[in-house]
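Please consult the sequence and the structure shown here alongside the points below.

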Amino acid sequence: MEVLVQLYTAILSLIPFEPVRNAINMLVPTLAIASMVLGIVFILIWWERRLIAFVQARLGPNRLGPGGIFQSFADALKVMLKEDIVTADADVILFTIAPILVFVPGLLVYSLVPVGNGMIVSNVNVAIFLFLAISSITTLGILMAGWSSNNKYSLMGGIRAVAQAISYEIPLLLSIVGVIMLAGSLSMVDIVQSQNVWNIVRQPLGFIIFFICSLSEVNRIPFDLPEAESELVSGYNTEYSGFKFAMFFLAEYINTFTLGALCTTLFFGGWRFPFDNLLGDIGLQLTAQLGIVWFILKTMFFFSVVVWIRGTLPRVRTDQLMAFAWKYLLPAALLNIFVTSIFAAIGFGVFSR
Amino acid sequence: MQKVERVSATGKYFKDLFDGIVAIYKGMRLTFIYMFAPKVTEIYPDVKRPLPQRFRGRFAFLYDKEDGHMLCIGCYACVKVCPPQTIVLETHKGEDKKIKVDKYDINIGECISCSNCVEVCPVGALEMTHEFETATFEQSDLFYDMHKLAKYVEKPNMYIPPEPPKIKK
């Protein structure tokens with residue numbers, strides 16, 4: 001993979017004009033990451049359906065291609081051929097903007113995630129801050145979809161999404177503070193490079209809080225109140241069909257993959273091979289050359305855990321959801337910050353920088 | 001008198017937390033085991049489930065395997081016993097004064113697979129096969145004549161009724 005980056009840099013240096021070079025340097029990695037994510041999403045949809053079927057002692061889609069892997073491509077084709085229905089009395093402008101507003105931030109945040117050694121679109125020094133800022137736009141899109149549909153179920157879903165996002169964003173942010181303290185930086189690359197010992201060892205409580213909160217942020221079961229099928233038909237996307245619905249659907253999977261990517265980056269050493277600094281030269285080579293492979297494997301693991309949770313837990317009630325965020329997660333996150341700051345200040349063992 | 005346990009608010013807080021963790025652990029453990037459990041889905045057209053020996057599928061009209069003569073003697077027993085009256089049998093008396101069967105038609109769509117005809121046949125000239133995928137695109141394809149129903153066998157399919165249970169005196 002390092003070879004690929006070097007090759008790209010070499011080709012780039014052949015281009016004479018600086019503005020053209022910069023423009024291409026902006027475009028190529030962005031398109032590469034975006035197409036990688038969209039390609040992975042198709043596999044994710046298939047993998048989720050297979051895994052959830054395994055949990056329920058079924059087989060899942062297995063007819064199309066090897067193990068049914070082309071099923072999601074067929075579904076995508078079907079959804080694109082469907083009629084694009086707009087409800088009577090819907091707010092057409094908002095109705096059209098909403099899926100874009102949900103879809104684009106999900107894709108945009110991948111410009112901040114390092115997928116391999118040196119494979120990052122823009123190494124911003126406040127990456128985590130920007131990441132959370134961008135990804136919270138999604139909630140606005142969901143509320144917009146709920147409001148503009150002119151449907152009480154959709155509106156209910158949108159309202160729930162906002163209430164949930166407000167509650168869970170706070171412990172989510174606080175749980176990352178411990179990681180930032182240990183790395184001494186907000187940059188994703190610095191955080192990964194600081195993890196000679198994976199952060200999960202230093203921040204187990206922080207990881208649990210982070211995982212639960214991000215599960216809620218991406219509206220996955222057991223926190224899928226905005227689209228609770230059994231209560232709100234399909235929640236905020238009830239009135240959507242065709243390609244607009246596909247955008248909501250893809251955004252959900254992209255966001256779940258983002259959850260995995262963020263867990264990997266912040267707590268499981270990002271693109272680094274496990275214990276690469278202890279394995280010596282081999283470990284460092286594995287990290288340097290095949291970083292993207294470890295990153296995707298780790299992220300897929302977290303995605304699988306999310307699906308496993310989906311197969312196990314029932315949906316929480318709204319009051320339980322709120323109580324859990326404010327009564328359990330928030331104090332725990334504050335405790336985590338307190339303990340981490342003490343250990344980081346003393347700086348013994350794995351907590352030393 | 002039942003003893004009522006009084007739990008403080010703090011105690012309840014930690015008890016709820018602990019109970020929740022235990023419940024989630026139990027559920028996650030169970031689903032993890034099920035992930036690797038054998039699947040109940042049948043991959044139907046590829047892998048077919050073995051049918052029971054006396055499965056009543058499509059009905060067959062038997063011919064002898066060696067010389068190819070039909071086993072049917074044209075006694076009309078099956079026609080009389082058929083509940084939906086779907087068997088059409090036509091015979092004539094040949095020159096050697098033996099009954100020849102001209103026509104043995106059946107509408108598979110009407111047949112209720114009751115197997116009465118097979119049981120009543122005195123020479124064992126009928127059989128219920130294990131074939132059950134008889135759906136067609138045309139209604140006319142459901143009409144089976146004696147050639148379409150033909151099956152060549154070595155020995156007649158004599159119905160042996162199960163032994164009646166013995167009653168103690």
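A residue counts as buried under 20% relative accessible area, as exposed over 50% and as partly exposed in between, with a 1.4 Å probe and protein chains only. By that criterion, buried residues make up 24% of the 169 residues in chain B. The model is predicted: local features need pLDDT of at least 70 and side-chain atom pairs count only at pLDDT 80 or more, while totals for chains, interfaces and linings use all residues. Residues are numbered from 1 along each chain as its sequence is written, chains are lettered from A and ligands numbered from 1 in the order in which they are written, and side-chain values use heavy atoms, with hydrogens and water left out.

**Overall form of chain B**

- Chain B has three helices and six strands, where helices (H or I, at least four residues) and strands (E, at least two) are DSSP runs numbered from the N terminus.
- Along the sequence, these elements follow the pattern α-β-α-β-β-α-β-β-β.
- Chain B is more spread out than a compact globule, because its radius of gyration is 31 Å, well over the 15 Å that the globule rule gives for 169 residues. The radius is taken over C-alpha atoms, and the rule is 2.2 Å times the number of residues to the power 0.38.
- The C-alpha atoms of chain B fill a box of roughly 105 × 55 × 30 Å along the principal axes.
- An automatic or database domain assignment divides chain B into domain 1 (1-37) and domain 2 (59-153). The C-alpha centres of these two domains of chain B lie 66 Å apart.

**A hairpin in chain B**

- Strands β2 (residues 88-93) and β3 (residues 99-107) of chain B run antiparallel and are joined by six bridges; pairing requires that DSSP find at least two bridges between two strands.
- His92(B) has Lys100(B) in β3(B) as its bridge partner.
- Five residues lie between the strands of this hairpin, in which Lys97(B) takes a positive phi near 60°.

**Helix α10 of chain A**

- Helix α10 (residues 204-217) of chain A has 14 residues and reaches 20 Å from its first C-alpha to its last, close to the 20 Å expected at 1.5 Å a residue. The expected span is 1.5 Å times one less than the number of residues.
- Ten of the 14 residues of α10(A) are buried, so the helix is largely enclosed by the rest of the structure.
- The buried residues of α10(A) include Phe207(A), Phe210(A), Phe211(A) and Cys213(A).
- Among the elements covering the buried residues of α10(A) are α7 (152-183), α12 (242-267) and α15 (318-346) of chain A.
- Just after α10(A), Asn219(A) takes a positive phi of about 55°.

Technical notes:
Contact = heavy atoms within 4.5 Å.
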